[in-house]
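Subject: Structure handover

Hello,

Here is the structure for your files. My notes on helix packing and ring contacts follow below it.

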Amino acid sequence: MARQKFICGNWKMHKTVAEATALVKELADGLAGDARVQVAVAPTFTALAAVGAAVRGTPLELAAQDVHWEVQGAFTGEVSAPMLADVGVRHGIVGHSERRQLFGETDETVRRKVGALLAAGIRPIVCVGELLAEREAGRTLEVVSRQVRGGLAGLSPDVLMAVTVAYEPVWAIGTGKTATTAQAQEVHASIRALLRELGGAPAADAVRIQYGGSVKPENAAELLSQPDVDGALVGGASLKAKDFLAIVKGALR
Ligand code: PGA
C-alpha cells in the first residue's frame with residue numbers, strides 16, 4: 001500500500017505573526033497541491049490563529065508544536081487540544097527532543113498528550129530519537145522502541161492509524177549532520193515492525209514515519225526514497241520558502 005508522504009515544517013520559536021503569514025503565502029503560492037504529499041507547518045502558539053486563517057483554501061495544513069493534556073483549568077501558560085482545534089490545527093507535534101531535553105517531557109506526558117490530541121480530532125506526530133551517546137553505545141533501537149511503546153501505549157489499532165511517528169536522532173537536529181539513508185531506514189523499519197506488534201499489519205502499513213534532523217533540499221529526495229521513510233519533520237530548512245518547497249518536491253520524486 002502506498003502511504004501518502006507527509007512533510008511538516010517545525011518553525012520552533014521563530015517568526016512573528018506578520019513573518020509567519022508572509023511565509024505561508026509564499027508556500028501556498030509555490031505548492032502544486034499534489035495528492036501524493038501532505039504538507040503542514042507548525043508555527044508558534046501566537047501565530048497559530050493567523051496562520052490557520054491564511055492556510056484556509058490552500059493545500060497547506062496547520063500543526064501545533066506542543067499541547068497540554070488537560071482540556072482546561074488552572075495550568076498557567078498551557079494550551080489545550082480543543083483550543084488548538086478551535087483555530088484549525090489538524091496535527092500536533094509531541095515529544096520533540098527539545099521538549100524532552102529542555103522541558104522535562106517524558107514518555108508518560110507524551111502518552112497523555114497523544115490521547116488529548118486524538119480526543120480533539122487532531123492527529124499526533126510523536127517524536128522519538130536517540131542521543132549521540134546512546135547511538136554510540138549501540139542502544140538506538142532500544143531507546144526508540146521504549147519511546148514508541150511509551151508514547152503510544154493503550155491505543156487501539158484503528159486509532160493508531162491516525163498517528164505519525166517522527167524519528168529524529170537527537171545528534172542530527174540542528175547540527176547539519178544527517179543520518180545516512182541506511183541509518184534512517186534501519187530505524188524506520190524497526191519502528192514499523194514494532195507498530196505491527198502493537199497494532200497489527202493494517203496499522204503498521206498505514207502509519208507514516210517521518211525522518212527529522214537536518215533535512216535539507218540536498219538530502220531530502222534520497223532520504224524520502226527509502227521504503228519506510230514516509231516524510232520529513234523539518235526545522236531550520238522550513239523557515240525559508242524556497243528550501244521547504246524544494247524538500248516537498250523531493251518527496252514527489
Ligand atoms: P532541523 O530540526 O531540521 O533544524 O535539524 C528538525 C526538528 O527539530 O524537527
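**Helix packing and ring contacts**

Helices α1 and α2 are roughly parallel to each other, a label given to angles under 35 degrees. The model is predicted, so local features need pLDDT of at least 70 and side-chain atom pairs pLDDT 80 or more, while totals for chains, interfaces and linings use all residues. Residues are numbered from 1 along each chain as its sequence is written, and side-chain values use heavy atoms, without hydrogens or water.

Helix α1 covers residues 17–30 and α2 residues 45–55; their axes lie 9 Å apart at an angle of about 30°. Helices here are DSSP runs (H or I, at least four residues), numbered from the N terminus. Axes are lines fitted to C-alpha atoms over the stretch in contact, with angles from 0 to 180 degrees between N-to-C directions. On α1 the contact (heavy atoms within 4.5 Å) involves V17, A20, T21 and V24; on α2, T46, A47, A50, V51, A54 and V55.

Helix α7 (residues 140–152) and helix α9 (residues 181–206) have axes that come within 10 Å and cross at roughly 40°.

Elsewhere, the charged end of R99 sits over the ring of F103, 4.1 Å from its centre (the criterion is CZ of Arg within 6 Å of the ring centre and within 35 degrees of the ring normal).

Regards

Notes:
Helix = DSSP H or I, 4+ residues; strand = E, 2+ residues; numbered from the N terminus. Parallel < 35°, antiparallel > 145°, perpendicular 65-115°, else oblique.
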